[in-house]
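Thanks for coming, everyone. Let me put the structure on the screen, and then we will walk through a few spots.

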Amino acid sequence: MASKLTTSNRAGWGFALPGFGLIALFIVIPFFFAFYLSLTNQRLISPNPTEFVGLSNYENLLSIGVLTLEPERDDAGTIIRDDDGLPEYPRVRSFTRNNPDFPQYAGMQEWFRWQSGDTAKVVVATDVVFWKSLWNTVKFVLVVAPVQAGLALCLALLINQRLRGINVYRAIYFMPVVVSIVVVSLLWRFLYSPDSGLLNNMLQGLTFGIFEPRDWLGNPDTALGSIMAMSIWQAVGFHMVIWLAGLQTISPMLYEAASIEGASKWQTFRYVTWPGLRNTAVLVLIVITMQAFALFAQIDVMTNGGPLDSTTTLVFQTVERGYGKQDISGGATISVILFLLVLTISLIQRFLTRER
Amino acid sequence: MKMRTTLGAALLATTGWATMAAAQTELSMWYHGAGNPQEAEVLNHIVADFNASQSDWNVVVESFPQESYNDSVVAAALAGNLPDIIDVDGPVMPNWAWSGYLQPLQIDESTIENFLPGPKGYWDGELYSIGLWDAAVALVTRQSILDDLGLRTPTLEEPWTLEEFNAALDAAKESGNFEYALDLGMAWTGEWYPYSFSPFLQSFGGDLVDRDTYQTAEGVLNGEEAMAFGDWWQGLFANDLAPGTSQDPAARETGFQDGKYAFSWNGNWAAMNIMNTFEDTVFLPAPDFGNGPKIGAASWQFGVSSASEHPDGASAFIEFALQDEYLAAFSNAIGLIPPTTSSAQMTENYQDGGPMAVFYDLTEAQAMVRPVTPGYVVQAKVFEKALADIANGADVADTLDAAVDEINADIERNAGYGHTE
């Protein structure tokens, strides 16, 4: 049963050891440690002994329910409506606080609601902030992964030409990657500033003053979008370089053959370039997905998760709870959930992009 | 021959120096003020004086930037590397004392009997930390603004009421001379929120946590008074009276001087710059929202770590630093409020008739410490988020309920934080 890995391969193992050792020390062991912590009530600092609490950390994070609200009726049984004709509902807190009739909703908060007929369905969760940060993270990944990968590919195609001074462009596109993300975030905070930000000024100039200045990061509707745009811009250069490396492995002979056959530009791209980039595409997509799930620095510097939790993310919550609120077990629980999430998605991506 | 004598003298001198140093036991000290040369100069001066004044102890200071100071102490405590003397932010002290980072000071209480209450750090009936200064917050404006708007100048004896304060803000808004009536400093995230805004809540009659037991926030942070505070707070932003959470930090620093705001809720550390800009700057006391006017108390303080093998020496240093001349030196260097009347008289700014003496009176009359509990660290974070959310338009009752739940869950997870009846 001796395989190549075990027979007279001491040198091989020796070379692999530093890498394996570091990965084990800083990634594998901390993961198992986090999993262990998520089953306890460990605090960052506390004189109280650590106790096993089973799955209650997971229960606190994940408990979710749907509460059906009947509209308020007057004595005659007609629905009370407000000035806009919408039915009025009892407050959610009358069900979730000190109400012995609804023990299943105790301590829950409203996440969102929708109408069905005259009743309102309210989704309530014990930890609404966690659900919001999960949803924000997913939105971020869903937008950033395809847009950033696509934009990076366009840039790579543009700079994959033999032109005078092309290296200057390559350097310019790559520059944001080299600058620290904290610095970039601070700069963009100025760009987005509601008072005298560059973005507002530029848009006003371009539209001859029709554009109303906005509070980009202070408005829940635009905050996450603003951070997406900035994040895409910041890391696009890195993925451009990976695409570029992929492009340069495609043999020039294939392009010559295509031009002899009379292929159009689009056909060349579709049938020569794109198939040649297959492995690069898988790599870029998986890397961007993982990076997007780890969104933290931009949030920490630019919005602190606000306004109204519209930009809070899983990693931000992990740090906020584990370190800020000294709740290491709570932070560990989120990071375990995040790990399982990223693992699942990476496996799905691998499956969908497998060699057929 | 001459050469030899010099050498001998030098040898003698070095050995003499070495034995003297060896006789002094070294005490390490951590300080949060790295990057501030004036502050470092005063501290180094005190340390040098102390080291020269006796032959038992030799204090060595290591400074950290304020942003990473608390993290460094926590990390050092986890790793068992705490120095002998640490400085600690007043409201955080109970957490560190409860966690076992600090030991009670061995200081004769008579030395501090004349101190303002804010700088004295008591936990569980024992003195754990003592501050060389305090800080205060005031409503900064100009006499000319008050006159233009036709407003009464409030005094310590007769501060503005809620109605008067609201009327003042409305008048400033209607005058059209300002971008916003009131600059609260929403750009300063972090401890500024609980430090400077929780006194509003307390003046309304609410609080972060029930101070009788420190076991619950129910009814205190989401009671009627707190709801009234929340509604008022939300109104400030909904009615465009104050810039919200996305206030530009630069506007916070210089906005008042640039004439953007009629009033600025700001600390004594910013007072010098404003006074230099406007000759008619006035510092108004906090309004009385119904339960007495309040401002926050307690700033950075000195304590002795539990890891110290020489708490007597560490305490001796702290006691040494409490002399009036050093209290005055800190105040002169960085504008902080000296903690005793006698030291205040030795400063340029806080002596009777001094330009900032009003802050001393404010502290004496209105100051209230933040909840003295190890759970404060978490409660401050929860409160900060609740204030930001309400300012951004979140439902007041739901937000305060959520804050109460989070605070109570945290207290429960920490087995009541060691408060005993």
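Start with B:Asp240. It counts as exposed, because only 12 or fewer neighbours qualify for that class, and B:Asp240 has 12 C-beta neighbours inside 10 Å. One caution before we go on: this is a predicted model.

Where does B:Asp240 sit? Look at the loop between helix H8 (224–238) and helix H9 (249–254) of chain B. Now check the backbone. B:Asp240 has a positive phi of about 55°, although it is not a glycine. Most residues other than glycine have a negative phi.

Chain A gives us another case. A:Leu308 is not a glycine either, and its phi is positive, about 55°. A:Leu308 belongs to the loop between helix H12 (297–302) and H13 of chain A. Is A:Leu308 buried or exposed? Buried: 20 other C-beta atoms lie within 10 Å of A:Leu308. The cut-off for buried is 20 or more, so that count just qualifies.

Next, helix packing in chain A. Two packed helices are described by the angle between their axes and the distance between the axes.

Take H13(A), residues 314–324, and H14(A), residues 328–352. Their axes come within 7 Å and cross at roughly 160°. An angle over 145 degrees counts as roughly antiparallel. H13(A) and H14(A) are therefore roughly antiparallel to each other. Their crossing is left-handed. Which residues make this contact? On the H13(A) side you have A:Leu314, A:Val315, A:Gln317, A:Thr318, A:Val319, A:Arg321 and A:Gly322. On the H14(A) side you have A:Ile328, A:Gly330, A:Gly331, A:Ala332, A:Ile334, A:Ser335 and A:Leu338. By class, that contact has seven nonpolar residues, six polar and one charged.

H14(A) also packs against helix H1(A), residues 10–37. Here the axes are 8 Å apart, and the angle is about 120°. H1(A) and H14(A) are therefore oblique to each other. This crossing is left-handed too: that is how H1(A) passes H14(A). From H1(A) come A:Phe31, A:Ala34, A:Phe35 and A:Leu37. They meet A:Ile328, A:Ser329, A:Ala332, A:Ser335, A:Val336 and A:Phe339 in H14(A). How does this contact divide by class? Eight nonpolar, two polar and no charged.

Stay in chain A for one more residue. A:Phe174 is in helix H5, residues 166–178. With 17 C-beta neighbours inside 10 Å, A:Phe174 counts as partly exposed. Setting aside neighbours within four places in sequence, A:Phe174 is in contact with A:Gly237 and A:Val241. A:Phe316 is another matter. A:Phe174 and A:Phe316 are 142 residues apart in sequence, and their C-alpha atoms are 26 Å apart in space.

Compare a residue in chain B. B:Pro339 is in the loop between helix H12 (324–334) and helix H13 (341–345) of chain B. B:Pro339 counts as buried, with 28 C-beta neighbours inside 10 Å. Which residues does B:Pro339 contact, leaving aside its neighbours within four places in sequence? They are B:Phe115, B:Leu116, B:Pro119, B:Gly131, B:Leu132, B:Trp133, B:Asp134 and B:Leu327. B:Pro339 and B:Ile130 are 209 residues apart in sequence, but 10 Å apart C-alpha to C-alpha.

Now zoom out to domains. The assignment for chain A gives domain 1 (64–125) and domain 2 (129–352). Their C-alpha centres lie 39 Å apart.

Chain B is divided into domain 1 (26–135 + 298–368) and domain 2 (137–294 + 375–418). Here the C-alpha centres are 27 Å apart. The contact between them takes 17 residues from domain 1 of chain B and 19 residues from domain 2 of chain B. Look at the domain 1 side. Helix H4 (93–99) and helix H14 (357–366) of chain B each supply at least two residues there. H14(B) gives the largest share, six residues. By class, this domain 1 side has 13 nonpolar, three polar and one charged residues.

How values were computed
Residues numbered from 1 in each chain as written. Chains lettered and ligands numbered in written order. Predicted model: local features only at pLDDT ≥ 70, side-chain atom pairs only at ≥ 80, totals over all residues. Axes fitted to C-alpha atoms, helices over the stretch in contact; angles between N-to-C directions. Helix = DSSP H or I, 4+ residues; strand = E, 2+ residues; numbered from the N terminus. Parallel < 35°, antiparallel > 145°, perpendicular 65-115°, else oblique. Left-handed = near helix turned anticlockwise from the far one by under 90°. Contact = placed C-beta atoms within 7 Å. Nonpolar A, V, L, I, M, F, W, Y, C, P; charged D, E, K, R; others polar. Domains from an automatic or database assignment.
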